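User: I would like to learn how to read a protein model. Please show it to me and take me through some of its features.

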Amino acid sequence: MDVLVPIDGSDGSFRALAFAAEFARKFDATLHVVHFSDEATSATDEILARARDVLESAGIESEPELSTDMRLEFRPAERVGENVLELVTENDYEHVIMSHHGSGTVDRAILGSAAEKIVRSETVPVTIVP
């Protein structure tokens, strides 16, 4: 099973990554970790390094796919949701594990617009980690 784990550098995204590592061990899944950005910066390198640390701490021995996707032209979370769905379609991912940022209008009714977009698409099973 191929599992996509989008991370944004937040503590929540690293909790989702730790959950995904446990999920991968239990279900013999392959993790594909992606960080979306409009440009590569030192912060990008730090996010990917922290992701490696999380996976190593969780006992994931094989090197997962860690990548930065530069398809963002601007930062709205709605676009991140679209980018995740594009990757799911392009690469036939079978599951998405991610966190959420319930920001705006009463915390976007608790979910967050990027996560909400993916869940509502009904394209792929999604696990949302608070």
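This is a predicted model: local features need pLDDT of at least 70, side-chain atom pairs count only at pLDDT 80 or more; totals for chains, interfaces and linings use all residues.

User: How many helices and strands does the protein chain have, and what pattern do they follow along the sequence?

Analyst: The protein chain has five helices and five strands. Along the sequence the pattern is β-α-β-α-β-α-β-α-α-β.

User: Is Asp92 buried or exposed?

Analyst: Buried means under 20% relative accessible area, exposed over 50%, and partly exposed in between (1.4 Å probe, protein chains only). Asp92 has 58% relative accessibility and therefore counts as exposed. Its phi is near 55°, a positive value in a residue other than glycine. Glu122, in the loop between α5 and β5, also has a positive phi, of about 55°, although it is not a glycine. Glu122 is exposed, with a relative accessible area of 72%. Val119, in helix α5 (residues 113-121), is partly exposed at 36%. In the protein chain of 130 residues, 44% are buried.

User: How do I check the length of a helix?

Analyst: The expected span is 1.5 Å times one less than the number of residues. Helix α2 (residues 42-57) has 16 residues and should span 22 Å; its end C-alpha atoms are 22 Å apart, which agrees.

User: Which residues of α2 are buried, and where do they fall around the helix?

Analyst: The general idea is that an α-helix has 3.6 residues a turn, so residues three or four places apart point the same way. In α2 the buried residues are Thr44, Ile47, Leu48, Ala51, Val54 and Leu55. Seen down the axis of α2, they fall within an arc of 115° (taken from the directions from the helix axis to the C-beta atoms), so they line one face of the helix. The face turned away from that buried side carries the exposed residues Ser42, Asp45, Glu46, Glu56 and Ser57.

User: At what angle do α1 and α2 pack?

Analyst: Axes are lines fitted to C-alpha atoms, for helices over the stretch in contact, and angles run from 0 to 180 degrees between N-to-C directions. Helix α1 (residues 11-27) packs with α2 at about 35°, with the axes 9 Å apart. Contact means heavy atoms within 4.5 Å. Here the contact is made by Asp11, Phe14, Leu17, Ala18 and Ala21 of α1 and by Ile47, Arg50, Ala51, Val54 and Leu55 of α2.

User: What is Ser99 in contact with?

Analyst: Ser99 lies in strand β4 (residues 95-99) and counts as buried at 6% relative accessibility. Leaving aside neighbours within four places in sequence, Ser99 is in contact with Ser10, Gly12, Ser13, Ala16, Ala115 and Val129.

Definitions and conventions:
Residues are numbered from 1 along each chain as its sequence is written. Side-chain values use heavy atoms; hydrogens and water are left out. Helices (H or I, at least four residues) and strands (E, at least two) are DSSP runs, numbered from the N terminus.
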